[in-house]
Structure formats: C-alpha cells, structure tokens
There are 2 protein chains.
Amino acid sequence: MLTISQLASYAGVTVRAVRHYHAKGLLPEPERDHSGYRRYDASAVVALIRIRTLADAGVPLSRVRELLAADADEFAGAVEDIDRQLRVEIRERQRHRERISQLAAGDSLALPPEAVAYLSRMRELGFRQQVIDIERDSWIMIAAQMPGEAAALMAIKHAQIENETLRKLYLDFGDLVDCLPDDPRLPSLSDRVATFIEAEAVAAAGVEQEQPISDDLVALLDAAFIESFPCAPRLLELLQERGWTGWTNIRRIAQ
Amino acid sequence: MLTISQLASYAGVTVRAVRHYHAKGLLPEPERDHSGYRRYDASAVVALIRIRTLADAGVPLSRVRELLAADADEFAGAVEDIDRQLRVEIRERQRHRERISQLAAGDSLALPPEAVAYLSRMRELGFRQQVIDIERDSWIMIAAQMPGEAAALMAIKHAQIENETLRKLYLDFGDLVDCLPDDPRLPSLSDRVATFIEAEAVAAAGVEQEQPISDDLVALLDAAFIESFPCAPRLLELLQERGWTGWTNIRRIAQ
DNA sequence: TCAAGGCCTGACCCTGCGTCAAGGTCAAGT
DNA sequence: ACTTGACCTTGACGCAGGGTCAGGCCTTGA
C-alpha cells in the first residue's frame, strides 16, 4: 500500500494536488489506515496518471471526469471544445502582445499616434504645459469613446492649430490658464472667441458637422475643461453674454 | 460630478471593476457626497482609461501602478517582461493544443501508440480482457515513469508475445486470472514459468538488461499484479519454492 | 526516548473581477 | 405623501489550480 506522497511521486504530482483531486471528486478517496492516513493501491496510480494526462493537455479539471468516462465520439467533441478554448486564449494573448508593443510610456499612454504628434506640435508652437495637458486628457477621453473616429477629428484639430488666427487666440487663452475670474483680459478674449466662432459659423453655415460628438462626451470634455481652468466658469459666463453656450461644442444660444 | 456608473461607462468598464481598482489602490478613492456615494471628476475618467489601456494590453493589475509611473526606460523594460510572460503563456497553450490532439479516448488514454498496438495485438491473439487490462495499467505506469524508454521496452514486449512458447505460457496463465489459490493448475504453471525463465537466463547470461526499471517501479508493477490476480500470492509462493522471486523483474533467489 | 519527517485538516493566498445579499438613496410618477 | 425602479453602499463567496502555512498526531530510525 502506498502513502499519499508515494502515490504523488509515482504520478509526478504534488501531495497537495492529490488532495485537491480528492476534493474535486476526480480521484476517489481511498481507505484510511488505523491512524487516519490515506492508503492507496496501484490502481490509484493509474487513475491519477490519467487525470494528469488530461490536465497536462490543458483539459480543465471541471471537464476531466467527463473525459475519463467519454466514448470516442464524446471525447472527440470535448477535445474540439477545449481546443477551441485554447485557441481563444492564444489569440487573446497575441492581441495583448500587439497592443502592449504599441504602448508608450507616460503622457502618450492611451493616446493614438496622431494625438501624440499633435501634442508635440503644440509644444513646438509654444503652448503652455497646462494647455497641452488638458488637450491630452481630452484626446484620451475622445479616443476611448470614439476609437474609430478619433483620427479624423484629430486631423481637423491639427489643421486648426496651423491657422494663424486661431493659434494666436488659443495661445493667448493659454496665458490665462491660472488667472483669476476677474482678470481684465477675460472680456477681450471672450470677444475674440465670439468673433472667431461667428466667422466660422458663417463659413460653415448649412454644413453639418461630419463627426458629431455625443452629448455625453461633450459634457465630459466641458467638465474636464472647467476643472482644469479656474476661470473657465467666468469665461463661459462672458461667452453666454455674447450669445454663445458651451465650449467643446460651442453653440449659439437659442432665442 | 459623475457617479460611479457614469464613470464606468465613460471608460467602458463595469462598476465592479472600478471598485476593484479602488480596492487595489490603482484608482484613488474620490470624495463622497452627503449620502456616501462616490463622486468623480473628469480626471478620474482619464485615470481609469489609462488603467484600462494597460489592462487591455495584458498588463497584470499588480504591475499597472508601476507602469503608470514609469519613465520610458522602465516602461520598456516592464513591457519586455510582460511580453515574455505572454509568450510563455502562448507557448503553454500551444503545447496543450499539441498534446490534446494526440489524446485518445478511454483505454488508450495515457498510453503511447506502441502500447496501444501491443494491446490490440494481445486482443487478436485471444488474451483475456483482464490480462489486457493489467498490461494496459502497467504500461500506463511505465510510460509515466520512463517516458523516454517506454517505446524501447515496448518493442521487447512486442517481440516476446510473438514467441510461440512464451505466448502459450502467457495465454494459459491468463486462464487462471480468477482462479482460487488452491487451483491445481497453479503448480504446473509455475513449473513452466520456471523452466522458461531458466532457459532465458541461460541465453541471456552475462548480458545486462539494457533498460533497467527502477526498483520502485518494479515494486509498483508487482503490487498492481498482485492486486489484480487473486492467486498471485500463491503463484509467487510456488515460484519461490522453485528458486525465483518477484514477477516484473523475476530473479533467482540469492543463496 | 527523542527528533525528524510524514501525515492530517483547516484556512488563507493568488487573478480579475461576477454575482448575490441586504439595505440606503434618489428621481419620477400617482 | 407614497410607491416604484434604478442606483448606490459594504461585505462576502465563487471561479482554477493548487501553494503555503499552522497546529497537531503518527511513525520511524538512531
């Protein structure tokens, strides 16, 4: 008669695994000797080897009993099942490998490459770090919500920043990132924003926005904007006085 | 301010996952409102998206914090680590696929193909099912303990069974599988076994066994033999009277 | 006779959450 | 004012396949 450790070593498994298989009902509990020790016979070795053979081939323990009792057809069906599952797990990991190889450290994390380029262009053009930071966060949120369309939106932004008037406006706006709500530059900035948007609106009259951003996302982006700029509420207020509401998706106030 | 479910849906995760990340310390716990609800700001959305970006690329949660804070070098090192781990897991599953495709249902499970052929030859030659069963179990144990050498041993066995004298002896032995210890055929069988072994021993004098089976395995196989044949103890006794001890590795008793 | 080592059960640990349970909160409709 | 249903809270168990103690009994060899 064999002790549990002898049994385990004959089958090449740990004692803990044997007890685990008992608990799972895969291997029947043997007789105990007078002191309560499990005592196994040679047939238990064979049973244990069969379990390990299946487990070593990737059969989940929950299916081992089924396969031990299966006829050729059932066995083939179950094997196909398990193989399919293994392929799924392999593909998952292959996708993980692809994605992880594309990841970049730090700021660029979770940003599409176009956005990274855009942000570095902003840096070149002399934008303040805080402005770049909120652009980055906005693009992270946009890319997460609209992975397909982010690149197209990005292209629009990229073009906008090369527009002299808008860039100057945005740069000047950046100088106000940590101003107080009563900063005297705010009203004039609001005027410039309103004027610019007005011109844009005329130019784009009748043209529907091709990349509509969902209202939820707009609200989120506006919230992020407000959180990052202490004087954002005041700016929005001034814009409202000039007939405009919102920021990310700035619109004329309906009369 | 966002509720937990709004936060979760912006980042495309479940509420449960968000709480899990809090518990793991990946996402800081936000302020609570007057009724104890968590209230998030937009920056939490960005933080959560970063976490998911890493997790979706196969980064274990236990390493997410580290990667969020890593500089480019540390990040690259960690990515390499994780990629290595992913490759290991893919290779594991590929091996599983190979092994599972080789597996056969029922009796043949855990047996090398040579053994399956040997057993089916035994069936052809008219051996009793019980004899085949113990052969099968023996080969399962041998293949598990000596995976490399099992095929060579198998070849020897395969040749032996084609030997007229030995086959007859083994077939007659098979007729005694469920006999009683006092069966009158046992002594004559023992004589035949002794005679055969004697001749073998003379023929093989000086030739060392090329495939030595470990003493442990011999003991195990003998135990399996004894368990399966009620009159095995009597047979071994009779063989001892004739100067032989053991079964799997039968040897002349040292004087 | 004593120490080492084997055996027993029970319990917690890992991953990444899913899924109750049992209750408090909120907004809307009646 | 009351109800309903959706949402929030903490706590706990469950999954796979065991690893790793802890505390205590048993056996075996010196």
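Helices (H or I, at least four residues) are DSSP runs, numbered from the N terminus. The model is predicted: local features need pLDDT of at least 70, side-chain atom pairs count only at pLDDT 80 or more, and totals for chains, interfaces and linings use all residues. Residues are numbered from 1 along each chain as its sequence is written, chains are lettered from A and ligands numbered from 1 in the order in which they are written, and side-chain values use heavy atoms, with hydrogens and water left out.

In α4(B), which comprises residues 61–68, the buried residues are B:Arg63, B:Val64 and B:Leu67. Buried denotes under 20% relative accessible area, exposed over 50%, and partly exposed in between (1.4 Å probe, protein chains only). These three residues cover an arc of only 125° around the axis, which puts them on the same side of α4(B); the arc is that of the directions from the helix axis to the C-beta atoms. The exposed residues B:Ser62 and B:Arg65 are carried on the face of α4(B) turned away from its buried side. An α-helix has 3.6 residues a turn, so residues three or four places apart point the same way.

A one-sided arrangement is also found in helix α8 of chain A (residues 150–161), whose buried residues are A:Ala150, A:Leu153, A:Met154 and A:Ile161. They cover an arc of only 105° around the axis, which places them on the same side of α8(A). Among the elements that cover these residues are α6 (113–124), α7 (129–145) and α9 (164–174) of chain A. The 12 residues of α8(A), at 1.5 Å a residue, should span 16 Å, and its end C-alpha atoms are 16 Å apart, which agrees. The expected span is 1.5 Å times one less than the number of residues.

Within chain A, helix α3 (residues 42–56) and helix α4 (residues 61–68) pack at an angle of about 125°, with their axes 10 Å apart. Axes are lines fitted to C-alpha atoms, for helices over the stretch in contact, and angles run from 0 to 180 degrees between N-to-C directions. The angle makes α3(A) oblique to α4(A); angles under 35 degrees count as roughly parallel, over 145 as roughly antiparallel, 65 to 115 as roughly perpendicular and the rest as oblique. In this pair, A:Arg50, A:Ile51, A:Leu54 and A:Ala55 of α3(A) meet A:Leu61, A:Val64, A:Leu67 and A:Leu68 of α4(A).

Contacts also link the two chains. A:Thr53, located in α3 of chain A, touches B:Leu103, B:Leu109 and B:Ala110, not counting residues up to four places away in sequence. B:Arg136 is part of helix α7 (residues 129–145) of chain B and counts as buried at 13% relative accessibility. With the same exclusion of residues up to four places away in sequence, B:Arg136 touches A:Arg50, B:Asp107, B:Leu111 and B:Leu119.

A further pair joins the chains: α11(A) and α3(B) pack at an angle of about 110°, with their axes 8 Å apart. That makes α11(A) roughly perpendicular to α3(B). Here A:Leu220, A:Ala223, A:Ala224 and A:Glu227 of α11(A) meet B:Ala42, B:Ser43 and B:Val45 of α3(B).

Notes. Helices (H or I, at least four residues) and strands (E, at least two) are DSSP runs, numbered from the N terminus. Contact means heavy atoms within 4.5 Å.
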